Amino acid sequence: MRIKPPIEEEMMKRSLTTLALLTSLCVIPGVQAEDEVAPTVTLKRLSMETANQIALSTIEACRKQGIQIGVTVVDRDGTVQVTMRDTIAAQITVPISRQKAFTAVNFNAATSALKSRADTPIGRLDGLVMSAGGLPIQAGGQLLGGVGVSGAPSGETDEACAQAGIDQVIDDLEMEM
């Protein structure tokens, strides 16, 4: 049996202590014990460029059908990021598109799915519009924002144009998540 000199033994203890300390400090990002609650939440947000692209693509989709619309893109909190009104769309399309986008993001649902709630106490709250034309923007299981459209002859056409706008960016959004 070999007897270690005291200096070698002391160095070994220090190395093991250092290794133990470093190991205890190592944390794998995003991994927590089940009973721990994270002190912060990380949220993804739409960039201004992406919000603009959604709005422009939405307008283009309606223009292909000969329809002039107003479109609003809001962030996940319902705050307006982009509002656009096509050249001869009625002025009223702007506030209606904003309200549809706000409603879609706050209920995390297509406004067409909320029609049955329109004539209820919640449906009569100021700022909500529960008719077709508003869609949430979701990617990777996260709510990123909402888009609302007004001005087409039907809410279903408003919603189809909104979906076309989202479709222009959804692949990029999904890749980002």
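This is a predicted model: local features need pLDDT of at least 70, side-chain atom pairs count only at pLDDT 80 or more; totals for chains, interfaces and linings use all residues.
## Sheet architecture

The sheet is open and consists of 4 strands in the order β2-β1-β4-β3, with antiparallel pairing. Its edge strands are β2 and β3, the latter covering residues 134-139, and each of these pairs on one side only. From one strand to the next, the twist averages 15°.

In general terms, strands of a sheet pair through backbone hydrogen bonds, in either a parallel or an antiparallel sense.

Strand β1 comprises residues 70-75 and strand β2 comprises residues 80-85; the two pair in the antiparallel sense over 5 bridges.

## The β1-β4 pairing

Strand β1 also pairs with strand β4, which spans residues 142-150. This pairing is antiparallel and extends over 6 bridges. Here Val 74 stands opposite Gly 146, a residue of β4.

## Helices across the sheet

Two helices are described here in relation to the strands. Helix α3, formed by residues 93-107, lies across β1, β2, β3 and β4. Its direction is at about 150° to that of β4.

Helix α4, formed by residues 155-167, lies across β3 and β4. Relative to β3, helix α4 runs at about 20°.

Definitions and conventions:
Residues are numbered from 1 along each chain as its sequence is written. Side-chain values use heavy atoms; hydrogens and water are left out. Two strands pair if DSSP finds at least two bridges between them. Axes are lines fitted to C-alpha atoms, for helices over the stretch in contact, and angles run from 0 to 180 degrees between N-to-C directions. Contact means heavy atoms within 4.5 Å.
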